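Please look over the structure shown below together with its sequence. The report that comes after it is meant to be read beside both.

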Amino acid sequence: MIVRVVMAGLLSLGVTVALGWAVLDRPAPVENLPDRVASAMPESGVEHPVTAVLLNFRSYDTLLEIAVLLLAVVVALALREAQPDRPEQMGLDNPLLRAVMAWLLPLILVVAGFLLWAGSYQPGGAFQAGSVLAAAGVLLRLAGGNLGWLDNAALLRAGLALGLLTFIGIGMVVMLPGVPFLTYPDAHAGTLILVIELTLTLSIGLTLLSLFRLNPPYADDPADARTQGAPKP
Amino acid sequence: MIGLWSVPLLFALPLSLGILSLLVVPKWRPRLIFLGLPLLAAASLDVLAGLATVGPTVYRLGDWAAPLGINLVVDGLAVGMILMTTLVTSLCALYAWVYLRDHPSSTTFFWPLLWFLWAGMNGIWLAEDIFNLYVGLEVMGLAAVGMVALRATPQALAAAMRYLLAALLGSLAYLLGVALLYGAYGTLSMAGLQEAATNNATTQVALALIILGLLLKTALFPLHAWLPPAHGGALTPVSALLSALVIKASFYILMRLWLVLGPEVTPEFTAQFLGVLGAGAVFYGGWMAWRQHHLKQLVAYSTVAQIGYLFLFFPLVTNTGPEAARLAWDGTLMMLIAHALAKAALFLSAGNLILAVGSPQISHLVGISRFRPMSLFSFGLAGVSLMGLPPSGGFTGKWLLLHSAILSGQWWWLIVLFLGGLLSAAYIFKVFRMSFREGPQIDRSVTPPLTLDVTALILASVAILIGLTAHLPLHWLRMGSVFGVG
Amino acid sequence: MPWLDLFLGFTLCVTAGLALIARDMFRAVIMFIVFGLLMAVAWVRLQAPDIALAEAAIGAGLTGVLLLDTLGYLRRPFGSRVDNQDDRS
Amino acid sequence: MSGAISGYLVFAWSGVLLFGLGLFGFIVHRHLLRRLLAFNIMGSGSFLVLVGLAQDGRGVDHVPHAMVITGIVVAVASTALALVVFRRWYRASGRTDLPEDT
């Protein structure tokens, strides 16, 4: 144990010192990316630079990133099916909390909508709006709300798939004039990005919410908990 | 524009199929391969045709030039890896289509994971942007972890967890290296970095972090501890994919970045050090493989050993003169491809043998040669390539590396090549000795479906054939690299 | 000197340290959420309000909820041998 | 302006320290949840280095902002995946650490 602490201490100290050295010794960069972003902004279809980078200049990164999110859900679904659980019981079912939620929920939805719409000209966008949506779902569930419609597997999966499929679909359709993948025509870039963001928001919200929901629930009696048995040491 | 459609299809198609396979009923999930495999094969061949006619190109996603946008590089190396991936993954997918029939329905989630894995790998082969590589690594890594966890037994879960922790730590080290490089040079494009990078502490630390992170993901000795449980314990087609392809992706990034940044920045001892670690992997992995009692664990440790050969690339390519460097490049890539084919074949045929005797123990293979000659034949062919016997791809690769070592006067690597071959022979023959021994243990065996044997045999045969016709693929692989003619 | 930034950076390190050494797992997670919220403030100071929003919602919020949820799960005894080696490693 | 610039660098340095701290925690701890906390702290550290270094002396750069948002989403996906596996593992074995680590 002590050996491990000392080793870890030395290693992380070494890494930190090396990093510090790297920060001190760095050269002045030749390339100026912010300038390039600024000069390409008029063609991006949006006014907020971060949204332009995320959904136009470097939209391929965003595409793959959505795939990463989906992957987490796929694994959760797979493991859930491998060890089926009983229908879950969760939530506090507190009337006060419910009353608060009834007020809070529409507010949250409005905030999500605003964040999404705002993303084209000021901070905000699909990820923020999606996570606010997910937060609404989490709160609803903690309050004992009924999210039964999420148990409709087909609907849930369609919602999960919507964002990425739309993204890829639009990326492909715009290629028809003979331009590379994800090249939005200047005239429609703003609209296309908005459509992508809208579907992404929904899917991201659902994805994040499913990550929360798909964790195995509490088992009610310990007897059925050990479906697999402990491994031999 | 060459590959206008086929290049993006290489990742967009598997992604779409991955989503689609979530939407269809479980019974239909495997059947999507009959849509996907031909299309992906066509796209891969189209990219190859473009390379052969026009030469290496750059694909500008969104029509933005790097460094503002993300570019994809379609050179010989990328296309070679894409073709290798298409071949190996297709055969593993066919194998899995039959193999998973007898498994619980939760294993049908193999299919979405497979498509995402494929998309991640193709994304990595094509990437030219170092941050995009990070995202690609995550797509591939999380899909791979999910595949290991698929069995949902405690052992599988522990292996997946260990794998995940290693993968996450590796990605973070890589990401921090990227952060330093961006801070220093203001660009994420490899071409831009190659122009801008100078020799200073920032580049060195960044490269060190990137190397460490990728070594962990490649499972180079002594950072290999996560590999044997993950690769040895997974479902057979998963083991084959992970050992054949996934660990190659992080090595591939290392190779590319080394050629972009390495020679100017790194002191020669770093290259020698990587070579020494490789040698350690060859010896340790071979020794451990020989000591295993479980067939798939043996094959997994064999991967630990074979990774070591790839790392001889670094000492042989750094400051050694053009001819030796070119031979090192050729030899390493030949080893990489031969190992991908042979290891996939070895895992698949090992899986067939296990199915046949119903036990993962090597000692239970006694007498199996009479019942499953074809599985054993594939195992043997793949073994020939791993041992480096002529005329296999493994032999050609080692031969090229050997020449490179002699030309650059680094004779000590010859010992590694020679002893490593002996160790591989030892563990391969360990399996054979048991299989040919006559004993009372079994008098009958289960007959696995023919598809399982045929896919393994095809992979093993290609591992041999590629050694006979190495000239053309090696010529293609050099296109667009510093070793290419045009 | 950017005193406010220095103070914020220092506090970030302290909360991170506390999250890593806290004896009680629950306290560690709470410290981690505080850390995430401070990160959001740091992003505002770095003139990156987009990241601040994402960090507060995803980094601190969702990750925190997921971790707390898992903690609740750990309180349930599973298996015959729930190790009592507990949180101190 | 100069005050703001050195402010960026302060956060880059904090990022360096956070990465070091997180790495220490990641190696020392055996409890998987703690290792995940350490992983997230390391991640935050590298994000700070990314933005802080890029903006020091150059002013606001939106490209790393987008990269960090991507990074945060990737981190939460990885954490969620890890938690899913961890819960299954805990449920099957009753352990909060990995078997070979003692």
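What follows is a description of a predicted model, taken topic by topic.

## Chain A

Chain A holds eight helices and zero strands, and along the sequence its pattern reads α-α-α-α-α-α-α-α. Of its 233 residues, 45% count as buried. Among contacts in chain A with a separation of 6 or more, 76% come from residues 24 or more positions apart.

A:Phe167 sits in helix α7 (residues 153-173) of chain A. Is A:Phe167 buried or exposed? With 25 other C-beta atoms within 10 Å, A:Phe167 is buried, because the cut-off for that class is 20 or more. Setting aside neighbours within four places in sequence, the contacts of A:Phe167 are A:Leu63, A:Ile66, A:Ile196 and A:Leu200. A:Trp103 is 64 residues from A:Phe167 along the chain, and the C-alpha atoms of the two are separated by 34 Å.

## How the chains meet

Five pairs of chains touch, and the pair with the most contacts is A and B. Here 57 residues of chain B are in contact with 53 residues of chain A. On the chain B side, the elements that give two or more residues are α1 (6-23), β1 (57-60), α4 (110-126), α5 (130-149), α6 (154-185), α7 (190-196) and α8 (201-218). Which element gives the most to this side of chain B? It is α5(B), with ten residues. Sorted by class, the side of chain B that touches chain A has 36 nonpolar, 18 polar and three charged residues.

Chains B and C, in contrast, do not touch. Their nearest C-alpha atoms are 12 Å apart.

## The nonpolar core

In soluble globular proteins, nonpolar side chains tend to be buried together. The largest nonpolar core in this model has 365 residues. Within this core, the residues with the most contacts are A:Leu71, B:Val148, B:Ala160, B:Leu341, B:Ala345 and B:Ala463. The element that gives the most to the core is α6(B), with 25 residues.

B:Val148 shows what such a set of contacts looks like. Apart from neighbours within four places in sequence, B:Val148 is in contact with B:Ala156, B:Ala159, B:Ala160, B:Tyr163, B:Ala230, B:Ala234 and B:Val238. One of these partners, B:Ala160, is itself listed among the core residues with the most contacts.

## Helix packing in chain B

Helix α3 (residues 76-99) of chain B packs with α4(B) at an angle of about 170 degrees, and the two axes are 9 Å apart. Since angles over 145 degrees fall in that class, α3(B) and α4(B) are therefore roughly antiparallel to each other. From α3(B) the contact takes B:Ala78, B:Met81, B:Ile82, B:Thr85, B:Thr89, B:Ala93 and B:Ala96. From α4(B) it takes B:Phe110, B:Leu114, B:Trp118, B:Met121, B:Asn122, B:Trp125 and B:Leu126. The residues of this contact divide into eleven nonpolar, three polar and no charged.

B:Ile33, in helix α2 (residues 33-54) of chain B, touches B:Ala93 and B:Trp97 when residues up to four places away in sequence are not counted. B:Ile33 counts as buried because it has 21 C-beta neighbours inside 10 Å, where 20 or more are needed. The C-alpha atoms of B:Ile33 and B:Leu94 are separated by 8.0 Å, although these residues are 61 apart along the chain.

## Backbone details in loops

Two cis peptide bonds of chain B can be located here. One joins B:Ala66 and B:Pro67, with omega about 5 degrees, and B:Pro67 lies in the loop between β1 and β2 (71-74). The other runs from B:Phe221 to B:Pro222, with omega near 5 degrees. B:Pro222 belongs to the loop between α8 and α9 (227-233) of chain B.

The loop between β1 and β2 of chain B also holds B:Asp63. Phi of B:Asp63 is positive, about 60 degrees, although B:Asp63 is not a glycine. B:Asp63 is partly exposed, with 14 other C-beta atoms within 10 Å. In chain C, C:Gln47 has a positive phi near 60 degrees and is likewise a residue other than glycine. C:Gln47 is placed in the loop between α2 (25-45) and α3 (49-75) of chain C. With 18 other C-beta atoms within 10 Å, C:Gln47 is partly exposed.

How values were computed. Residues are numbered from 1 along each chain as its sequence is written. Chains are lettered from A and ligands numbered from 1 in the order in which they are written. This is a predicted model: local features need pLDDT of at least 70, side-chain atom pairs count only at pLDDT 80 or more; totals for chains, interfaces and linings use all residues. Two residues are in contact if their C-beta atoms, placed from the backbone, lie within 7 Å. Helices (H or I, at least four residues) and strands (E, at least two) are DSSP runs, numbered from the N terminus. Ala, Val, Leu, Ile, Met, Phe, Trp, Tyr, Cys and Pro count as nonpolar, Asp, Glu, Lys and Arg as charged, and the others, Gly among them, as polar. A nonpolar core is a set of buried Ala, Val, Leu, Ile, Met, Phe, Trp, Tyr and Cys residues joined through C-beta atoms within 7 Å. A residue is buried if 20 or more other C-beta atoms lie within 10 Å of its own, exposed if 12 or fewer, and partly exposed in between; C-beta atoms are placed from the backbone. Axes are lines fitted to C-alpha atoms, for helices over the stretch in contact, and angles run from 0 to 180 degrees between N-to-C directions. Angles under 35 degrees count as roughly parallel, over 145 as roughly antiparallel, 65 to 115 as roughly perpendicular and the rest as oblique.
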